[in-house]
Amino acid sequence: MNAADFSAFCPAPKRAEVIEVCPRDGFQNVKAFIPTATKIAILDDLAEAGFKTIEVTSFVSPKAIPQMADAAEVLTEFRRKHVGIEAVALVPNVKGAEKAIANGAHTLNFVLSASESHNRENTRRTVDESLTELAEVCHLTGASHVHASVATAFTCPFEGDVPKDAVIKLVDKIIALGCKGVSLADTIGTASPRKVYGTLRAVKERFPQARVVLHLHDTQGMALANIMTAMSLGYNIFDAAAGGLGGCPFAPGAAGNVATEDLLNFLTALGVETDVDAGKVLNAAMKLPKLTGVPLCSHMAALTMCKTGA
Ligand code: COA
Ligand code: ZN
C-alpha cells in the first residue's frame, strides 16, 4: 500500500495537539498523598517536553479528592516557573473556579457529565444544576477562559450506553454559553471505535467549527483505535497522561488515560506532527512509579524496561 492509498484508508491530519493531563487525572486517583514538591518536579519534567497546554491540577473539595488539597500551591508554582504554557485547572463548581482564577489558571476546565447518574456521583448535582453553575462561571471569568469537559460522553458506569443525542444536547448548551471548547471523555475507557465514530460524526456535523478535545481512557486497550477513528473524522486534539496514569474515583472500573508516550509514538508512526518531544515524555514517565508509587500502564515504558532491564 503506498502513502496515498494509506491516507485514503485513514485521512489522518498533518498535525495534532496533545494536552498533558497526568498531573490532574493521573494524580487524582493516587491514594497516598504525593508531596507538593514531587508534583512540581514532575510538572517541571513535563513542561520541558514542549506541551503548549498542561492540566496542572483541580480545585475540588479536598474531602472528595484529598490528593488535590495542594492545588493552589501547585498552580502558583507552575505559573511562576513556566510562563509560556497554558495552565488548565479542572473545576466542578463556582467555588473551584474562583480559587483557580485567584491562583492564576489561564483556563478553567469545568466538568459535567452526559449521564445524570455519573454527574450526581461526581459532583452531587443534576446535569441542569451543573449547567447553571457553568453559566455562572462563564459570567464570572468571561466564557473565553472556560472549557467544558463532558464526562461519560460515550458510556457511563451506571447507565451503560450514552446516546449521542444526549451529548449533542449538552454540547449545544455549552457552546451557547460561549465556552472556548469542549472535551468529550470516555471516562471509563469502554467506548469502541464504532461508538466513537457514531458520536463524533454527529458532533462534527452539528458543530463543525467547535474546538473539540478527545479525552480517552484505555481500560480495554481501544484508546489508540478510538483516536485513529477520531482522526479519520478530522479531530486532532487529544488529552493524554504520561505513564498511562489516571482514572476517576467516582467511576468504578476506570483505568488510566492513553499514555502520552504511546500516543506520541503512534502519531509519529502515522506521520502526524506535534510540538512535543516524545523522548522527554518517556523519561518523565519512567520516573513516575518511584515518585508516585503507581505502576505504569504504557507500552513504550514497558519496551524501554525490557531493553534496559530497568
Ligand atoms: N474547592 C475546594 N473546596 C470546595 C470546593 C472546591 N471547588 N467545592 C466545595 N468545597 C468544600 C466546601 O467549602 C465544603 O467545605 P466544608 O465542609 O469545610 O464547609 C465542602 O467542600 C462541601 O461543599 P459542598 O458545596 O456541600 O460540596 P459537596 O459536598 O456537595 O461536593 C463537589 C460537591 C463538586 C465540590 C465535590 O463533589 C467535588 O469536589 N467533586 C470533585 C469531583 C472530581 O474531582 N472528580 C474527578 C474529576 S472528573
Ligand atoms: Zn479522565
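**Salt bridges and a zinc site**

The side chains of Glu273 and Arg15 come together in a salt bridge, with 3.2 Å from N to O. This pair joins distant parts of the chain, 258 residues apart: Glu273 sits in the loop between α11 (260–269) and α12 (278–292), and Arg15 in the loop between α1 (3–9) and β1 (17–20). Please keep in mind that this is a predicted model.

**Around Glu273 and Arg15**
- Glu273 is partly exposed, at 48% relative accessible area, and Arg15 is partly exposed as well, at 37%.
- A network of salt bridges links Arg15, Lys52, Glu273 and Asp275.

**Two further salt bridges**
- Arg24 and Glu55 meet through their side chains in a salt bridge of 2.5 Å, N to O.
- Arg206 and Asp172 form a salt bridge, their closest N and O atoms being 2.9 Å apart.
- Arg206 belongs to helix α9 (residues 193–206) and Asp172 to helix α8 (residues 164–176), so this pair ties together parts 34 residues apart in sequence.
- Arg206 is partly exposed at 43% relative accessible area, and Asp172 is partly exposed at 28%.

**The zinc ion**
- Asp25 (OD), His215 (NE2) and His217 (NE2) coordinate the zinc ion (ligand 2) at 1.9 to 2.1 Å.
- Along the chain, the donors of this zinc ion follow the spacing D-x189-H-x1-H.
- His215 counts as buried because its relative accessibility is 6%, and His217 is buried at 3%.

Key:
Residues numbered from 1 in each chain as written. Chains lettered and ligands numbered in written order. Predicted model: local features only at pLDDT ≥ 70, side-chain atom pairs only at ≥ 80, totals over all residues. Heavy atoms only, no water. Donors = N, O, S within 2.8 Å, 3.2 Å for Na, K, Ca; no water. Buried < 20%, exposed > 50% of the residue type's maximum accessible area, 1.4 Å probe, protein only. Salt bridge = Lys/Arg side-chain N within 4 Å of Asp/Glu carboxyl O. Helix = DSSP H or I, 4+ residues; strand = E, 2+ residues; numbered from the N terminus.
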